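Open the model in your viewer and keep the selection tool ready. This tour goes stop by stop.

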Amino acid sequence: MSTLLEVGNLRAWYGASQVLHGVDLCVSAGEVVALAGRNGSGRSTLAKALMSMVDADGLRRFAGADLAPLRTFEVARLGLGYVAEQRDVFPMLSVDENLSLGLAKRRAPRFTIDDARALFPILLERRGARAGVLSGGEQQMLALARALVGAPDLLIVDEPAEGLSAQMAARVGACLRACAARGIAVLLIEQRLALAPGLADRVAVMGHGRVVFEGTPQALARREDVVRDWLGVG
Ligand SMILES: Nc1ncnc2c1ncn2[C@@H]1O[C@H](COP(=O)(O)OP(=O)(O)O)[C@@H](O)[C@H]1O
Ligand SMILES: [Mg+2]
């Protein structure tokens, strides 16, 4: 598999406060990588650094391009989809308008708007509703669908099941499996690895702004020390 995303010695700051202290991580084309870690370990900041949303330095390459000089919309245009923790939708616009705004203009998407509606029928049922009146779970589906129709080669999703009912979380899981089945690589940020089992090819664990473990889910399960020290469960 060819390397799609390459991150080396990535550091990031909020003002004078350094949050990432040299992150190394690779994602291959079509691969699903779970990025686990406690709250505050720097997972969201890593996503924002890739999307040029925070001050950062270090190596970050995607599909052969250096992301460092690019602005957020240029990163997205290269094929890096991002669904933030706060699931941004345009609240005053309708579901359909939100989807249309996400539609890739220069690249053929693996998911059309109809494909996204097949995955999440609620988006068709509520197509005329303002996004702001949808439930949290419905907004998450809209945010995911909007990213998918943007033709990503890699989708970064930040805690997509957080705060959702078990049923909504299962739908999100099905969406990510559909991504993987269509060859879209996924970087799945989670705290408790709720969706990752059976989905992730590899797990990277973050602690204090670094990757402290990287391996298969099976290898992680054998590392009680990593689970205890960096995931705080078991
Ligand atoms: N906008 C911000 N300004 C200042 N510090 C921040 C900001 N966002 C996050 N941080 C700090 O950066 C660290 C990493 O946070 P974050 O990347 O959100 O972690 P995670 O997503 O793993 O919970 C934390 O110490 C957090 O308090
Ligand atoms: Mg976070």
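Predicted model: local features only at pLDDT ≥ 70, side-chain atom pairs only at ≥ 80, totals over all residues.

**Stop 1: the metal site**

Select ligand 2, the magnesium ion. Which atoms coordinate the magnesium ion? They are OG of Ser44 and OE of Glu85, at 2.0 to 2.6 Å. Now colour the chain by secondary structure. Ser44 lies in helix H1, residues 43–50. Glu85 sits in the loop between strand S6 (80–83) and helix H3 (95–102). The pair is 41 residues apart and links distant parts of the chain.

Is Ser44 buried or exposed? Its relative accessibility is 14%, under the 20% cut-off, so Ser44 counts as buried. Glu85 is partly exposed, with a relative accessible area of 36%.

**Stop 2: H3 against H6**

Next, select H3 together with helix H6, residues 136–148. Their axes come within 7 Å and cross at roughly 30 degrees. Angles under 35 degrees count as roughly parallel, and H3 and H6 are therefore roughly parallel to each other. The crossing is right-handed.

Show the side chains at the contact. From H3, pick Val95, Asn98, Leu99 and Gly102. From H6, pick Leu142, Ala145 and Arg146. These contact residues divide into four nonpolar, two polar and one charged.

**Stop 3: two C-alpha distances**

Go back to the loop between S6 and H3 and select Ala84. Ala84 is buried, at 4% relative accessible area. Ala84 and Val157 are 73 residues apart in sequence, yet their C-alpha atoms are 6.4 Å apart in space.

Then move to Ala166 in helix H7, residues 166–181. Ala166 is exposed, with a relative accessible area of 67%.

**Stop 4: positive phi**

Finish with the backbone torsions. Most residues other than glycine have a negative phi. Select Asn9 in strand S1, residues 3–14. Asn9 is not a glycine, but its phi is positive, about 45 degrees. Asn9 is partly exposed, at 47% relative accessible area.

Last, select His208, in the loop between strand S9 (202–207) and strand S10 (210–215). Phi of His208 is also positive, near 50 degrees. At 61% relative accessibility, His208 counts as exposed.

Conventions
Residues numbered from 1 in each chain as written. Chains lettered and ligands numbered in written order. Heavy atoms only, no water. Donors = N, O, S within 2.8 Å, 3.2 Å for Na, K, Ca; no water. Helix = DSSP H or I, 4+ residues; strand = E, 2+ residues; numbered from the N terminus. Buried < 20%, exposed > 50% of the residue type's maximum accessible area, 1.4 Å probe, protein only. Axes fitted to C-alpha atoms, helices over the stretch in contact; angles between N-to-C directions. Parallel < 35°, antiparallel > 145°, perpendicular 65-115°, else oblique. Left-handed = near helix turned anticlockwise from the far one by under 90°. Contact = heavy atoms within 4.5 Å. Nonpolar A, V, L, I, M, F, W, Y, C, P; charged D, E, K, R; others polar.
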